[in-house]
Amino acid sequence: MYRSLRKGNTRPPLWFWIALLIAVVGAFAVGAYLFLPQARSILSGDYKRLMTWLGDSSDHQDWDIPAQAHCGRGAMLFPTEGFIGFDRGDSFRPGHLHSGFDIFSPAKQEGATPVYAAYDGYLTREASWLSTVIIRHPDFQPIVNGAQIWTYYTHMASGDGTKSFIASAFPAGTYDVFVRAGTLLGYQGTWSGDPADPVGLHLHFSVVKSAGDGSYLNEGFMQNTFDPAPFLGVVLGEDGIYTCLSQSPN
Ligand SMILES: [Zn+2]
């Protein structure tokens, strides 16, 4: 086949052109799937806003949501203080979609901004978890009509990985311990899993779906999570910034 193509007097057969077309279209589709969400995150201004916030948050105090705020019609408390700098569905690298909210504290040092349970439930910290806890919420009525869901909190350790900022009440290997909404879980940190590459100071918070056997699904995949916004009652403005409208007493 190769020889006949090279001779020039034999035109490639129809199947060659069809295969070429499929390959080109496929390459475009894969490229769009991998890169478009990241391009959208960059173009939407998320990075620019976050850099502005990290540079001097005092200029944008209206972006800051207080810890334990009860926003809008949300059933959950806001789990820490900060600006929601990255949304669920944002993309930081090709082929990746972010599964929750990244809430960036205005504090400049790690280990200082408290993180609280967003809702009553049963806390687990797996034996290997340095910076993470997950809370099981059985029979959650709002939004999911009595299904079991989980809330997930991570990056609660120092950037070099030498110090966990999780509250001493929850040592590694804690399983299914009841906590009330507002219980102190730990403090925001910068641990990424790689001591050479810490994250900016924030809490990653996600609302995770249950597996069929009652365990939690892998929250690293966006499809295993819910949009946290209606659970927390925060609203995304046209300027791309989430706000917390206080619940009216009525
Ligand atoms: Zn995150």
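This tour moves through a zinc site and a set of salt bridges in a predicted model.

**Stop 1: the zinc ion**

Select the zinc ion and display the side chains around it. Three residues coordinate the metal: His98 through NE2, Asp102 through OD and His204 through ND1, at 1.9 to 2.1 Å. Along the sequence, these donor residues follow the spacing H-x3-D-x101-H.

Next, colour the strands that carry Asp102 and His204. Asp102 belongs to strand E2 (residues 101-104) and His204 to strand E9 (residues 203-209), and this pair links distant parts of the chain, 102 residues apart.

**Stop 2: Asp46 and Arg49**

The tour now turns to the salt bridges, of which the structure holds three. Select Asp46 and Arg49, whose closest N and O atoms lie 2.8 Å apart in a salt bridge. Both residues sit in helix H3 (residues 46-55), separated by three residues, about one turn of the helix. Asp46 has a relative accessible area of 10%, so this residue is classed as buried, the limit being under 20%. Arg49 counts as buried as well, at 15% relative accessibility.

**Stop 3: Arg180 and Asp120**

Move to Arg180 and Asp120, whose side chains form a salt bridge with an N to O distance of 2.8 Å. Which parts of the chain does this pair tie together? Arg180 is found in the loop between strand E7 (174-179) and strand E8 (184-187), while Asp120 is in the loop between strand E3 (114-116) and strand E4 (121-125); the pair therefore ties together parts that are 60 residues apart in sequence. Asp120 is partly exposed, with 28% relative accessible area.

**Stop 4: Arg136 and Asp176**

Finally, select Arg136 and Asp176. Their side chains meet in a salt bridge at 3.0 Å, N to O. Here too the pair links distant parts of the chain, with Arg136 in strand E5 (residues 133-140) and Asp176 in strand E7, 40 residues apart. Arg136 counts as buried at 17% relative accessibility, whereas Asp176 is partly exposed, with a relative accessible area of 36%.

Methods: Residues numbered from 1 in each chain as written. Predicted model: local features only at pLDDT ≥ 70, side-chain atom pairs only at ≥ 80, totals over all residues. Heavy atoms only, no water. Salt bridge = Lys/Arg side-chain N within 4 Å of Asp/Glu carboxyl O. Helix = DSSP H or I, 4+ residues; strand = E, 2+ residues; numbered from the N terminus. Buried < 20%, exposed > 50% of the residue type's maximum accessible area, 1.4 Å probe, protein only. Donors = N, O, S within 2.8 Å, 3.2 Å for Na, K, Ca; no water.
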